[in-house]
Amino acid sequence: MATSRTVPYSYQPYQMRYTAEFGSFNTVDNDMGIPMPTFVSQFKLHYGRVSQTISQKYEALGTDFEDTQILVVRHDSRLTDKLAVRIDGKVYSIVDLSVRDDTYLSYDLITIKRYKAGGQDG
């Protein structure tokens, strides 16, 4: 007898049509000898975008989750909340990482927020 199993979230391969770079920051001296943080890519992953409802956006107001985006990727053990994400030349920090590794078709949800260094866009 087959049992039905509820999947918390499932995505199709065609939804993973974007590419993001995951990495960290290294300090590199600029032309004037001033150390500047520079993004160094470690690996790339395909991702899909997760839509937030209006209600979810209102609930996030005034919290660390305000002005965030959610990405979905196939489960990857290299992901940690210490990494940064670069998408289309813009750098984001990982606010939350929801890891699911219970099956071979598991997906991770990554909540990201635009990284700002010294009051300027990263």
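Where pLDDT is low, the predicted coordinates should not be read in detail. The structure is a predicted model, in which local features need pLDDT of at least 70 and side-chain atom pairs count only at pLDDT 80 or more, while totals for chains, interfaces and linings use all residues. Residues are numbered from 1 along each chain as its sequence is written, and side-chain values use heavy atoms, with hydrogens and water left out.

The mean pLDDT of the protein is 81, with 88% of its residues reaching 70 or more. Strands are DSSP runs of E with at least two residues, numbered from the N terminus.

Strand E3 (residues 68-74) is largely enclosed by the rest of the structure, because 5 of its 7 residues are buried (under 20% relative accessible area, 1.4 Å probe, protein chains only). Strands pair if DSSP finds at least two bridges between them. E3 runs antiparallel to strand E2 (residues 35-50), to which 3 bridges join it; Leu71 in E3 is the bridge partner of Arg49. E3 also pairs in the antiparallel sense with strand E6 (residues 107-114) over 7 bridges, and the partner of Ile70 in E6 is Thr111.

Met32 lies in the loop between strand E1 (18-29) and E2. The residue is exposed (over 50%), with a relative accessible area of 72%.

Conventions: Helix = DSSP H or I, 4+ residues; strand = E, 2+ residues; numbered from the N terminus. pLDDT = per-residue confidence, 0-100.
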